[in-house]
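Hello,

The structure we talked about follows below. Please read the notes after it with the model open.

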Amino acid sequence: MPYGMSKVCLTALTRLQQEAFDAEKPPRHIIVSSVCPGFCKTDMTQNYGVLTPEQGADTPFYLATLPADFSGPKGAFWAEM
């Protein structure tokens with residue numbers, strides 16, 4: 001499978017899962033998101049990344065702490081807030 005294809009599939013699955021949650025009766029008000037933290041300086045990148053791990057954690061932390069009444073995009077791909 002080409003490298004970019006897995007990201008396309010993940011984004012499609014994210015949208016499909018969000019649509020399934022939105023269609024539930026009664027709704028559970030769950031937000032499904034996929035996230036890329038960016039190219040971080042970690043052991044996995046042999047410290048060649050451009051972001052610190054803390055900077056890479058900004059976007060996942062933001063998504064994990066969204067308010068219950070969040071009216072922004074749902075079922076979306078997020079990268080480097």
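A disulfide here is a pair of cysteine sulfur atoms within 2.5 Å. By this rule the count comes to 0 disulfides. The sulfur of Cys 36 is 8.1 Å from the closest cysteine sulfur, that of Cys 40, which is too far for a bond. For accessibility, buried means under 20% relative accessible area, exposed over 50%, and partly exposed in between (1.4 Å probe, protein chains only). Cys 36 is partly exposed at 28%, and Cys 40 is buried at 9%.

Two notes on the source. This is a predicted model, in which local features need pLDDT of at least 70 and side-chain atom pairs count only at pLDDT 80 or more, while totals for chains, interfaces and linings use all residues. Residues are numbered from 1 along each chain as its sequence is written, and side-chain values use heavy atoms, with hydrogens and water left out.

Next, helix H2. Helices (H or I, at least four residues) and strands (E, at least two) are DSSP runs, numbered from the N terminus. H2 covers residues 53-64, 12 residues, and spans 17 Å from first C-alpha to last, close to the expected 16 Å (1.5 Å times one less than the number of residues). Gly 56, Thr 59 and Leu 63 are buried in H2. They lie on the same side of the helix because they cover an arc of only 55 degrees around the axis, taken from the directions from the axis to the C-beta atoms. Glu 54, Phe 61 and Ala 64, on the other side, are exposed. The cover over the buried residues of H2 includes strand S1 (33-36) and strand S2 (76-79).

Thr 59 has 2% relative accessibility. Contact means heavy atoms within 4.5 Å. Leaving aside neighbours within four places in sequence, Thr 59 is in contact with Val 35, Trp 78, Ala 79, Glu 80 and Met 81.

The largest nonpolar core has 5 residues: Leu 63, Leu 66, Phe 70, Ala 76 and Trp 78. Such a core is a set of buried Ala, Val, Leu, Ile, Met, Phe, Trp, Tyr and Cys residues joined through side-chain atoms within 4.5 Å.

Last, the aromatic rings. Rings of Phe, Tyr and Trp (its six-membered ring) pair if their centres lie within 6.5 Å; planes under 30 degrees apart count as stacked, over 60 as edge-to-face and the rest as tilted. The whole structure has 1 aromatic pair. Tyr 62 and Trp 78 have ring centres 5.8 Å apart and planes at 55 degrees, so the pair is tilted. Tyr 62 lies in H2 and Trp 78 in S2, so the pair ties together parts 16 residues apart in sequence.

Regards
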